[in-house]
Amino acid sequence: MRPTDHLRTLAGDDWIAATTHPFCAELANGNLPLSKMRRYLAQDYQFIDEFVRLLASAIAQAPSLADSVPAAQFLAVITGPENTYFLRSFEALDMNDDAQNPDPAAPTADFIALMQDAAASGRYELMLAVLVVAEWVYLS
């Protein structure tokens with residue numbers, strides 16, 4: 001078993017809650033109400049800055065060039081096409097500056113703090129754990 005699979009198994013109910021929440025089903029099925037989509041995008045966009053910093057920190061702390069290359073390639077995606085995705089979505093959903101930049105919800109603020117702590121730790125394995133969970137939840 002891969003270490004990431006083992007860690008996911010240890011997360012148990014928390015993992016299931018994060019990946020099977022009704023919001024996730026609505027989003028995946030394409031029937032999320034626009035008001036929820038606007039809120040989701042605005043909250044999601046708030047942590048991009050810290051996510052980029054965490055990913056850059058992981059690249060800097062990677063034990064080898066081979067370990068840093070996938071993260072560097074991913075960083076290019078996050079700061080390129082994915083960033084414009086948010087901006088294009090805000091425009092398409094007619095979201096003004098206030099709607100794009102609300103106060104962070106508690107989970108958003110908590111996740112930002114987690115990313116900041118992981119980046120500040122200087123520990124590659126902690127950074128990688130946060131990055132893997134974040135992206136794996138999205139993929140699931």
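## Helices and the model

Helices (DSSP types H or I, at least four residues) and strands (type E, at least two) are DSSP runs, numbered from the N terminus. Leu 128, for example, lies in helix H10.

This is a predicted model, in which local features need pLDDT of at least 70 and side-chain atom pairs count only at pLDDT 80 or more, while totals for chains, interfaces and linings use all residues. Residues are numbered from 1 along each chain as its sequence is written, and side-chain values use heavy atoms, with hydrogens and water left out.

## The nonpolar core

A nonpolar core is a set of buried Ala, Val, Leu, Ile, Met, Phe, Trp, Tyr and Cys residues joined through side-chain atoms within 4.5 Å. Buried means under 20% relative accessible area, exposed means over 50%, and partly exposed is in between, with a 1.4 Å probe and protein chains only. The largest such core here has 26 residues. Leu 41, Phe 51, Leu 54, Leu 55, Met 115 and Leu 131 have the most contacts inside it. The elements giving two or more residues to this core are helix H4 (34-46), helix H5 (48-61), helix H6 (65-79), helix H7 (81-92), helix H9 (106-121) and helix H10 (124-139).

Which residues does Phe 51 touch, not counting residues up to four places away in sequence? With contact defined as heavy atoms within 4.5 Å, Phe 51 touches Phe 74, Ile 78, Met 115, Leu 131, Ala 134 and Glu 135.

## Aromatic rings

Rings of Phe, Tyr and Trp (its six-membered ring) pair if their centres lie within 6.5 Å; planes under 30 degrees apart count as stacked, over 60 as edge-to-face and the rest as tilted. By this rule there are 8 aromatic pairs. One of them joins Tyr 45 and Phe 86, and this pair is tilted because the ring centres are 5.1 Å apart and the planes are at 45°. Tyr 45 lies in helix H4 and Phe 86 in helix H7, so the pair ties together parts that are 41 residues apart in sequence.

Phe 86 is buried, with a relative accessible area of 2%. The rings of Phe 86 and Tyr 85 have their centres 5.4 Å apart and their planes at 70°, so that pair is edge-to-face. Tyr 45 is partly exposed at 23% relative accessible area, and Tyr 85 is partly exposed at 34%. Ring pairs link Tyr 45, Tyr 85, Phe 86 and Phe 90 into a cluster.

## Helices H6 and H7

Two packed helices are described by the angle between their axes and the distance between the axes. Axes are lines fitted to C-alpha atoms, for helices over the stretch in contact, and angles run from 0 to 180 degrees between N-to-C directions. H6 and H7 pack at an angle of about 20°, with their axes 3 Å apart. H6 is therefore roughly parallel to H7; angles under 35 degrees count as roughly parallel, over 145 as roughly antiparallel, 65 to 115 as roughly perpendicular and the rest as oblique. From H6, the contact is made by Ala 76, Val 77, Ile 78 and Thr 79, and from H7 by Pro 81, Glu 82 and Asn 83. By class, this contact has 4 nonpolar, 2 polar and 1 charged residues. Here Ala, Val, Leu, Ile, Met, Phe, Trp, Tyr, Cys and Pro count as nonpolar, Asp, Glu, Lys and Arg as charged, and the others, Gly among them, as polar.

Pro 81 is in helix H7 and counts as exposed at 54% relative accessibility. Leaving aside neighbours within four places in sequence, Pro 81 is in contact with Ala 76 and Arg 88. Pro 81 and Ala 119 are 38 residues apart in sequence and 24 Å apart in space, C-alpha to C-alpha.

## Single residues

Most residues other than glycine have a negative phi. Asp 94 has a positive phi of about 55° although it is not a glycine. Asp 94 lies in the loop between H7 and helix H8 (97-100) and is exposed, with a relative accessible area of 71%.

Not counting residues up to four places away in sequence, Gln 46 touches Asn 101, Pro 102, Asp 103, Pro 104, Thr 108 and Ile 112. Leu 128 is partly exposed at 35%.
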